[in-house]
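Good morning, colleagues. Please have the sequence and the model in view.

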Amino acid sequence: NKDAMKEIGMTDETGEGRAPVTWEEMRLACQRLTKDIDGEIVRYGYGIRPFIEAYTSFLFRAGGHYLDSDARRVRFDDETGLETLRFLYDLVYKDKTAYIEPDYLSTTFGSGKIAMYVSSTASLPYNEQSVAGKFKWDTAPIPYPEGKKNISRTLFQGTNVGIFRNHSKEKLQAAWRFLRFLTNTENSTTWAIGTGYLPVRYSVLKTEKTQKYLVDNPTFKTPVSLLDNARFEPNILIWEPMRNVITDHIEAALNGRRNPEETIISMKAECEKIIRTF
């Protein structure tokens, strides 16, 4: 919310409200943005959906990892992993400047109850509808810890498309033809512009349609600028059961049922069991 950021004095060189760049700036901004009227908080600095992405987005921005390169050892139990969870936990339970909401946050954002949140690019059209001109808003890279800019990465994810090999040669060839059709430059352009999802190939960015879309939709420029900064969740067999474990633990922590230290210890133990199983 650019108007809210301007209100607390966090502005760019033109005097417009800007997003915080570092975790330190974000924590301070959340404190200043949070409004309490007669004991009721009418605006929080930040909104969080208590799911794995809430943690992963900031873990990657801190340069953290879930697993080592061989996927035989967890890495989220290091200082970076703990500090990431503690940062989010403290916003909610120590500073009381973050709002927990399991539903999509575009409506909450548009109502002015939260001034910032992290979400998919697919939420951009819903933000526009929800804000409906009530205030100026924009997108920005997720903040990173002070001194971590060079190792900071951005979570990229989305729905997968795959082909199973236990089919006839004819069906497999047809599936490949369909995937080529689905992901060619023209159709990828149509998909990205029509949905708000990022394009799956660089050639899309060079098309006339995309260039016009970026002019008409400046909030889409930030995610596009981060394409070379991407980091994905582990793409291995054991990740799905591990992801379920992590999701449950992060949800418990962000809803106040476990503190960060307990969460990391328990999460590590359960994930290590999965690694040993495979």
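Please bear in mind that the model is a predicted one.

How do the two helices lie relative to each other? The axes of helix 7, residues 169-183, and helix 8, residues 185-195, cross at roughly 60° and come within 5 Å. An angle of 65 to 115 degrees would count as roughly perpendicular; helix 7 and helix 8 are therefore oblique to each other.

I turn now to the hairpin. Strand 1, residues 35-37, pairs with strand 2, residues 40-43, in the antiparallel sense, over three bridges. I37 has E40 in strand 2 as its bridge partner. Two residues lie between the strands of this hairpin, and D38 takes a positive phi near 55°.

Finally, the cores. The largest nonpolar core contains 48 residues, and Y46, I48, Y66, F76, M242 and I246 have the most contacts inside it. Elements that each supply at least two residues of this core include helix 2 (23-33), strand 3 (46-48), helix 4 (79-93) and helix 12 (260-277). Helix 11 gives the most, with seven residues.

What does M242 contact, leaving aside its neighbours within four places in sequence? The partners are L67, V74, C271, I274 and I275. There is also a second, separate core of 19 residues, with Y44, L105, F156 and L227 among them.

Methods: Residues are numbered from 1 along each chain as its sequence is written. This is a predicted model: local features need pLDDT of at least 70, side-chain atom pairs count only at pLDDT 80 or more; totals for chains, interfaces and linings use all residues. Side-chain values use heavy atoms; hydrogens and water are left out. Axes are lines fitted to C-alpha atoms, for helices over the stretch in contact, and angles run from 0 to 180 degrees between N-to-C directions. Helices (H or I, at least four residues) and strands (E, at least two) are DSSP runs, numbered from the N terminus. Angles under 35 degrees count as roughly parallel, over 145 as roughly antiparallel, 65 to 115 as roughly perpendicular and the rest as oblique. Two strands pair if DSSP finds at least two bridges between them. A nonpolar core is a set of buried Ala, Val, Leu, Ile, Met, Phe, Trp, Tyr and Cys residues joined through side-chain atoms within 4.5 Å. Buried means under 20% relative accessible area, exposed over 50%, partly exposed in between (1.4 Å probe, protein chains only). Contact means heavy atoms within 4.5 Å.
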